[in-house]
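I opened the model to look up a few things and wrote them down as I went. The entries follow the order in which I looked.

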Amino acid sequence: MSDYVYVTYIYTTAQKVWDAITKPEFAHRYWMHTNVSDWKPGSRWEHQHGDGSGKVLIDGTVLESSPPRRLVMTWSRPDHSQEPSRVTFDIADYAPGIICLTITHDQLEHDPAMAASVSGGWPKVLSNLKSLLETGKTENIWLTKGKEG
Amino acid sequence: MAQSSFVYVTYIRSPQQKVWDALTKPEFQKLYWFGGHQESSWKKGAEWKMFMPQHGLTDSGEILESDPPNRVVIKWRNEFKPELKAEGYSQCVYELAQEGELTKLTIVQTIEKENAQFIQAVSGGWPRILSSLQSFLETGRAHGDTRMPAEQAHE
């Protein structure tokens with residue numbers, strides 16, 4: 001029950017979705033924060049606050065990296081007060097011009113507060129990503145109700 | 001009580017009333033629901049039926065609660081796959097809320113049965129339908145729909 005899965009279909013390319021997740025300036029536009037790493041297996045990654053402070057909100061290790069199709073990483077509180085969870089991005093072709101993006105956030109059993117936070121956060125982030133890729137428009141998603149994730 | 005459920009939340013850059021209309025009016029549904037549509041007055045106690053072009057009647061039930069454009073609860077059973085029909089009625093809640101420029105849409109579908117095949121089936125369907133709805137309302141171009149010029153699809 002504690003695994004979180006979100007699937008969305010987007011008029012775009014796999015490479016654009018990959019870039020949107022892994023390139024800081026791209027992620028900043030719809031996630032409002034950035035993801036920083038060299039995205040090689042075993043490398044550290046950081047989810048940094050988008051206010052320019054570089055404050056680390058989440059960190060972890062890249063477990064698998066197959067651009068532009070699959071990225072797996074651990075997802076930890078920066079104080080490492082809880083066991084890390086795991087996030088998997090799968091980017092698949094669905095129909096001509098449309099890709100299917102599946103986010104699986106699992107291993108959350110030990111951290112119910114994180115599970116609640118990310119289940120509120122992923123729909124905001126991924127709806128905003130779809131809007132950006134299809135229309136060029138985004139919203140500051142963390143200004144509306146709900147928790148940051 | 002043992003149950004299965006599916007939850008999907010999406011944020012659509014469109015006024016809440018437009019999202020409600022897109023969810024409840026057949027002329028909009030046909031444009032993004034892969035050609036399918038539903039027949040109902042959407043009033044409490046009313047019949048509710050879904051039709052898909054390739055199958056005819058696919059699902060049926062009743063409106064249990066209705067508070068346009070905020071919330072509707074549908075008693076919902078599959079009608080064309082015997083193994084899904086045998087699982088009986090589910091309950092599906094649509095909740096809409098305006099949050100700034102966006103409408104937050106939450107779909108929760110629940111059935112009183114553990115590991116229900118019906119919930120597995122709708123878990124595959126809802127993300128396709130709601131992604132198509134978001135594209136339709138934000139760009140005028142639904143998924144699998146090449147018929148509508150962007151201008152017409154909005155109105």
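**Entry 1: the helix on the sheet, chain A**

I started with helix α1 (residues 14–22) of chain A, which lies across β1, β2, β5 (70–75), β6 (85–95) and β7 of chain A. Its direction is at about 160 degrees to β6(A).

**Entry 2**

Next I asked myself in what order the strands of the chain A sheet run. The order is β1-β7-β6-β5-β4-β3-β2, an open sheet of seven strands with antiparallel pairing. At the edges I found β1 (4–11) and β2 (34–36) of chain A, each of which pairs on one side only. Neighbouring strands are turned by 25 degrees against each other on average, with direction ignored.

I then went through some of the pairings.

- β1(A) pairs with strand β7 (residues 98–106) of chain A over eight bridges, in the antiparallel sense. I noted A:Ile98 in β7(A) as the bridge partner of A:Tyr11.
- β5(A) and β6(A) are antiparallel and share six bridges. In this pair, A:Leu71 has A:Phe89 of β6(A) as its bridge partner.
- Strand β4 (residues 56–66) of chain A and β5(A) are joined by four bridges and run antiparallel. Here A:Val62 is bridged to A:Met73 in β5(A).

**Entry 3**

How many residues does the hairpin from β4(A) to β5(A) pass through? It passes through three residues. A:Pro68 is in this loop between β4 and β5 of chain A. The peptide bond that joins A:Pro67 and A:Pro68 is cis, with omega at about -5 degrees.

I looked for a cis bond in chain B as well. One joins B:Pro68 and B:Pro69, where omega is about -5 degrees. B:Pro69 is in the loop between β4 (56–67) and β5 (71–78) of chain B.

On the α2(A) side the contact is made by A:Arg29, A:Tyr30 and A:Trp31, and on the α3(A) side by A:Val125, A:Asn128, A:Leu129 and A:Leu132. I sorted these contact residues into five nonpolar, one polar and one charged.

**Entry 3: positive phi**

A:Met32 has a phi near 70 degrees, a positive value in a residue other than glycine. I placed A:Met32 in the loop between α2 and β2 of chain A. Is A:Met32 buried or exposed? A:Met32 is buried, because 20 other C-beta atoms lie within 10 Å.

In chain B, B:Asn115 also came up, with phi near 50 degrees, again positive in a residue other than glycine. B:Asn115 is in the loop between β7 (102–111) and α4 of chain B. B:Asn115 counts as exposed, because it has 8 C-beta neighbours inside 10 Å.

**Entry 4: a lysine in chain B**

I found B:Lys18 in helix α1 (residues 16–24) of chain B. With 16 C-beta neighbours inside 10 Å, B:Lys18 counts as partly exposed. B:Thr103 is 85 residues away from B:Lys18 in sequence, but the C-alpha atoms of the two are 9.4 Å apart in space.

**Entry 5: where the chains meet**

I counted 17 residues of chain B in contact with 17 residues of chain A. On the chain B side, the elements that give two or more residues are β1 (4–12) and α4 (117–139) of chain B. α4(B) has the largest share, seven residues. By type, I noted four nonpolar, eight polar and five charged residues on this side.

**Entry 6: confidence**

The predictor gives the complex an ipTM of 0.93 and a pTM of 0.93. Chain B averages a pLDDT of 92, and 92% of the residues score at least 70. Where is pLDDT under 50 in chain B? I found this over residues 146–155, for which the model has 12 contacts beyond four places in sequence. Where pLDDT is low, the predicted coordinates should not be read in detail.

How values were computed: Residues numbered from 1 in each chain as written. Chains lettered and ligands numbered in written order. Predicted model: local features only at pLDDT ≥ 70, side-chain atom pairs only at ≥ 80, totals over all residues. Buried ≥ 20, exposed ≤ 12 C-beta atoms within 10 Å, placed from the backbone. Pairing = 2+ DSSP bridges. Axes fitted to C-alpha atoms, helices over the stretch in contact; angles between N-to-C directions. Contact = placed C-beta atoms within 7 Å. Nonpolar A, V, L, I, M, F, W, Y, C, P; charged D, E, K, R; others polar. pLDDT = per-residue confidence, 0-100.
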